[in-house]
Amino acid sequence: MEQRSQQTIAREAEVAGVGFLWGADVRLKFLPAEPNYGIQFVRTDLGNSPSVPALVEFTVPQERRTVIENSGTRIEMIEHVMAALAGLQVDNCRVELNAPEPPGCDGSSLFFAEAIAHAGIVAQDQPRKVVRIQSDVVAADDRGTDVRAQAVAHDGLEITYELDYGPDSPIQAHTASYRITPETFLNELAFSRTFVLEAEADALKAQGYGARLTTADLVIFGKDGPIENKLRAADECARHKLLDCIGDLALIGCDLQGHVIARRSGHRLNAEIVRRLKLAHSTHFFPNPETNGECRAA
């Protein structure tokens, strides 16, 4: 795989909207950053604007979303922002937001990806580090879900997601598989939206989440299919789960070369495969305090 240059955005970009979890009005800014800065989220609503590096070492377990935390500063549901940055190969970016979560927008990465693309992407004078998967690495649980990373002969990263909620689910089993490039991400994946079952949405609202959400804001499945909404593609659900994988895999902090196959997995197993990949390829990494622990190939 030919090593590419690190990249950042050419100028500031902004996305505004309502947070899915807590319902706050959120303004998120993407700002250019120097080489080896990585991706860092900055809470401008807190004193001294504390930052959290978007690396797997800073993840904390939560259901249904990816959360990072550093010294008590937490940012929730970062996966769609991370997918947009990783999908468009933006390696260094300061992400400022005035709330504990990014705006939910339409539940996809499209608004973020379009803002980044409109801002422009520029090459920098440092090479991007690459981890080439050498042998099978697996993360699994006792519920029959797993993620497998495999070596491939070709360049780049391919991801396959196998979605199957069982024969009684209104969401039929289906699979999505893509070689991840900026063009593929923008055209085939960025638009795919978050989805939940109606019973799950009701349970989340009962817990205080999503008070400002409606059936127009994400895809809610009733027993007969999407409620007051339409799928953007027949396999949109698997595409969105694949999009989540892109965002979560980016928490390794480097490019990946290989094939990642996720079977019914979620954010917890996605983070676990990243940890195991780093352990399996530990000779390729060393800590660098000047880049807040960004993973770099030795």
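What does the protein chain average in pLDDT, and what share of the residues score at least 70? The protein chain averages a pLDDT of 92, and 94% of the residues score at least 70, where pLDDT is the predictor's confidence in each residue, from 0 to 100. This is a predicted model, in which local features need a pLDDT of at least 70 and side-chain atom pairs count only at pLDDT 80 or more, whereas totals for chains, interfaces and linings use all residues. Residues are numbered from 1 along each chain as its sequence is written, and side-chain values use heavy atoms, with hydrogens and water left out.

One stretch calls for caution: over residues 286-298 pLDDT stays under 50, and for these residues the model has 33 contacts beyond four places in sequence, a contact being heavy atoms within 4.5 Å. Where pLDDT is low, the predicted coordinates should not be read in detail.

The largest nonpolar core has 72 residues, and Phe 30, Phe 41, Leu 85, Val 95, Ile 159, Phe 185 and Leu 242 touch the most other members. By nonpolar core I mean a set of buried Ala, Val, Leu, Ile, Met, Phe, Trp, Tyr and Cys residues joined through side-chain atoms within 4.5 Å, and buried means under 20% relative accessible area, with exposed over 50% and partly exposed in between, using a 1.4 Å probe and protein chains only. The element that gives the most to this core is helix α5, residues 236-249, with 7 residues; helices (H or I, at least four residues) and strands (E, at least two) are DSSP runs, numbered from the N terminus. A second, separate core of 9 residues includes Leu 21, Met 77, Tyr 209 and Leu 218.

Helix α6, residues 267-280, has 14 residues and reaches 20 Å from its first C-alpha to its last, close to the 20 Å expected at 1.5 Å a residue, the expected span being 1.5 Å times one less than the number of residues. Its buried residues are His 267, Leu 269, Asn 270, Ala 271, Ile 273, Val 274, Leu 277 and Lys 278, and what covers them includes α1 (79-87), β12 (137-140), β13 (146-150), α5 and β19 (255-263).

Now to the aromatic rings, of which a search of the whole structure finds 4 pairs. Rings of Phe, Tyr and Trp (its six-membered ring) pair if their centres lie within 6.5 Å, and planes under 30 degrees apart count as stacked, over 60 as edge-to-face and the rest as tilted. Phe 195 and Phe 221 form an edge-to-face pair, 6.4 Å centre to centre with 85° between the planes, and this pair links distant parts of the chain, with Phe 195 in strand β16 (residues 195-197) and Phe 221 in strand β17 (residues 219-222), 26 residues apart. Phe 195 counts as buried because its relative accessibility is 11%, and Phe 221 counts as buried because its value is 5%. Ring pairs also link Tyr 165 with Phe 195 and Phe 221 into a cluster.

β16 and β17 pair in the parallel sense over 3 bridges, and Leu 197 stands opposite Phe 221 in β17.

Another open sheet of 3 strands has the order β6-β7-β8, with antiparallel pairing. β6 (59-60) and β8 (73-76) stand at its edges with a single partner strand each, so one side of each is left without a neighbour in the sheet. Strand β7 (residues 67-70) is joined to β8 by 4 bridges, and the bridge partner of Glu 69 in β8 is Arg 74.

Finally, two loop residues: are Asn 36 and Arg 64 buried or partly exposed? Asn 36, in the loop between β3 (25-32) and β4 (39-43), has a positive phi of about 70° although it is not a glycine, and counts as buried at 13% relative accessibility. Arg 64, in the loop between β6 and β7, has a positive phi of about 70° although it is not a glycine, and counts as partly exposed at 45%.

How values were computed: Two strands pair if DSSP finds at least two bridges between them.
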